[in-house]
Amino acid sequence: MIDLHTHSRKSDGVDTPTELVEKAAEAGVKVLAITDHDTVSGWEEAAAAAARVGIGLVPGIEVSTRSEVEGGRISVHILAYLPDPTNAPLMAELEKTRNSRLTRAQEMVTRLSADYPLSWEDVLAELDPGATVGRPAIADALVTKGIVPTRSDAFTSILHRRSPYYVSDYSIDTLAAIGLIRAAGGVSVIAHPLIDFPAGRSESDLPAKHFERLISAGLDGIEINHRSVPEFARPWLTELALRHNLVVTGSSDYHGLGAKENQLGENTTSAEMLGRILDQATGFEAFL
Ligand code: AMP
Ligand code: FE
Ligand code: FE
Ligand code: ZN
C-alpha cells in the first residue's frame with residue numbers, strides 16, 4: 001500500500017512525524033509520503049521513524065499556490081516530491097509563504113478577538129514551533145475554547161472564506177511554483193484537483209485551458225484518486241493524464257484523527273506510478 005499525501009504537526013496534522021509514520025505502518029502502508037504544507041521541517045524525524053518501523057518514506061511538500069482563471073483567483077495545492085531541501089529559490093519562496101500565513105492568521109485572530117474570547121496565545125498553544133500556520137490552528141483554538149464544537153464547524157462558519165473574519169494570504173503563482181519545483185529536482189503533482197469546483201456543473205465547464213497551462217509549465221502528475229476530487233471529473237482527468245503521459249496518484253491526505261475524516265491508505269498509488277516519480281526526481285533520495 002502506497003500513500004503519497006499526509007500531514008503531521010509540522011503543518012495542520014495532529015500527529016508528530018513519528019506518530020504519523022507509526023500509524024501508517026500499523027495501517028499497512030509500505031511507502032508513505034509526508035507532505036506538510038509549505039515546509040520540509042518534518043522530513044528528518046519522519047525518515048528516522050520510517051527506518052525504525054521498516055517502511056519506505058518519500059519526502060514531499062504540499063505547496064500553496066494561486067492561479068488566475070476565468071472568474072478570478074483560485075487556490076491550487078501542488079505536491080512536490082523529492083525536491084532538494086537546500087535549494088535556495090524554493091526554500092525562500094516557502095519561507096515567504098509561511099511568513100505571510102503567519103501575519104494573515106494574526107490578523108484573523110485580531111478580527112475574531114473583537115467578538116470572541118480568543119487570543120493569539122490560544123492559537124500558538126495549538127502549534128509546534130516552526131509549524132506552518134493556517135486556519136486549522138485557529139479552528140483548533142476555537143474548539144479548545146469551546147467557541148465551536150469541531151474543526152469542520154469552524155470552517156463552515158466563522159473561518160469560512162466568505163466570513164468577515166477571513167483574511168487571504170500570499171501564495172506563489174502556480175506556474176512559477178511548478179518551475180521552481182522542477183529546478184529543485186522535484187516532481188510536481190497537482191493535489192486534489194477541482195476540490196472547489198461548484199457542484200452541479202458538467203465536463204464541458206471544466207477549466208481545460210488552466211490544466212493545459214499547468215502541463216505546459218511542466219506539471220508531472222495528477223492526484224486523481226482522492227476523496228475530494230469530484231467523481232464526474234475523474235474520467236476527464238484520467239484522459240488528460242493519458243494524453244500527456246502524466247503520473248496518476250491516489251492518496252489519503254490524512255491529517256490525523258479528529259482533524260478530518262480521511263484515513264491512512266483510503267486511496268493509494270500503484271508501484272508503477274511511484275516508480276515513475278522516483279525515476280524523474282533528481283533533487284533528493286527517497287528512503288526505501
Ligand atoms: P488555509 O490554507 O489556512 O486557508 O486553510 C486551508 C487548510 O485547511 C487546507 O489545507 C485544509 O487542510 C484545511 N481545511 C480546509 N477545510 C477544512 C475542513 N472543512 N475541515 C478541516 N480542515 C479543513
Ligand atoms: Fe491541510
Ligand atoms: Fe491540500
Ligand atoms: Zn493535504
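Let's start with Asp 15, which sits in the loop between β1 (2-3) and α1 (17-26). This is a predicted model, and in it Asp 15 counts as buried because its relative accessible area is 3%, against a limit of under 20%. Its side chain pairs up with that of Tyr 254 through a polar contact of 2.7 Å.

Who else is around? Once the neighbours within four places in sequence are set aside, Asp 15 is in contact with Ser 8, Arg 9, Leu 20, Lys 23, Tyr 254 and Gly 256.

## Around ligand 1

Next up is the ligand. Ligand 1 has 14 residues around it, and the closest are Asp 12, Arg 101, Arg 104, Arg 135 and His 255.

Some of the distances can be spelled out. From an N or O atom in the side chain of Asp 12 to an oxygen atom of ligand 1 is 2.7 Å. For Arg 101, a polar side-chain atom lies 3.0 Å from an oxygen atom of ligand 1. His 37 also has a polar side-chain atom facing an oxygen atom of the ligand, with 3.3 Å between them.

## Arg 151, a buried charge

Arg 151 belongs to helix α6. Is this arginine buried or exposed? Arg 151 is buried, because a relative accessible area of 6% is under 20%.

The side chain of Arg 151 meets the side chain of Asp 140 in a polar contact of 2.8 Å. Leaving out neighbours within four places in sequence, the contacts of Arg 151 are Asp 12, Val 14, Pro 136, Ala 139, Asp 140, Val 143 and Ala 259.

Tyr 165 is in the loop between α6 (151-156) and β5 (172-173). With a relative accessible area of 12%, Tyr 165 is buried, because that value is under 20%.

Along the sequence, Tyr 165 and Arg 111 are 54 residues apart, but in space their C-alpha atoms are separated by 5.7 Å. Apart from neighbours within four places in sequence, Tyr 165 is in contact with Met 108, Arg 111, Leu 112, Asp 115, Tyr 116 and Ile 158. Its side chain also makes a polar contact of 2.5 Å with the side chain of Asp 115.

## Two exposed residues

Not everything here is tucked away. Gly 54, in the loop between α2 (43-53) and β3 (56-69), is exposed, because its relative accessible area of 61% is over 50%. Gly 54 and Ala 25 are 29 residues apart in sequence, and 8.0 Å apart from C-alpha to C-alpha.

Arg 73, part of strand β4, is exposed too, with a relative accessible area of 55%. The side chain of Arg 73 makes a polar contact of 3.2 Å with that of Glu 68. Beyond neighbours within four places in sequence, Arg 73 is in contact with Arg 66, Ser 67 and Glu 68. As for Ala 50, that residue is 23 places from Arg 73 along the chain, and 38 Å separate their C-alpha atoms.

A last stop is the backbone. Most residues other than glycine have a negative phi. What is the phi of Leu 82? It is near 55°, a positive value. Leu 82 lies in the loop between β4 (72-81) and α3, and it is buried, with a relative accessible area of 1%.

His 192 has a positive phi as well, about 25°, although it is not a glycine. The loop between β6 (187-190) and α8 (208-216) is where to find His 192. His 192 counts as buried because its relative accessibility is 7%, under the 20% limit.

Methods:
Residues numbered from 1 in each chain as written. Chains lettered and ligands numbered in written order. Predicted model: local features only at pLDDT ≥ 70, side-chain atom pairs only at ≥ 80, totals over all residues. Heavy atoms only, no water. Helix = DSSP H or I, 4+ residues; strand = E, 2+ residues; numbered from the N terminus. Buried < 20%, exposed > 50% of the residue type's maximum accessible area, 1.4 Å probe, protein only. Polar contact = N/O pair within 3.5 Å; in protein donor to acceptor, adjacent residues only side chain to side chain. Contact = heavy atoms within 4.5 Å. Near = heavy atom within 4 Å.
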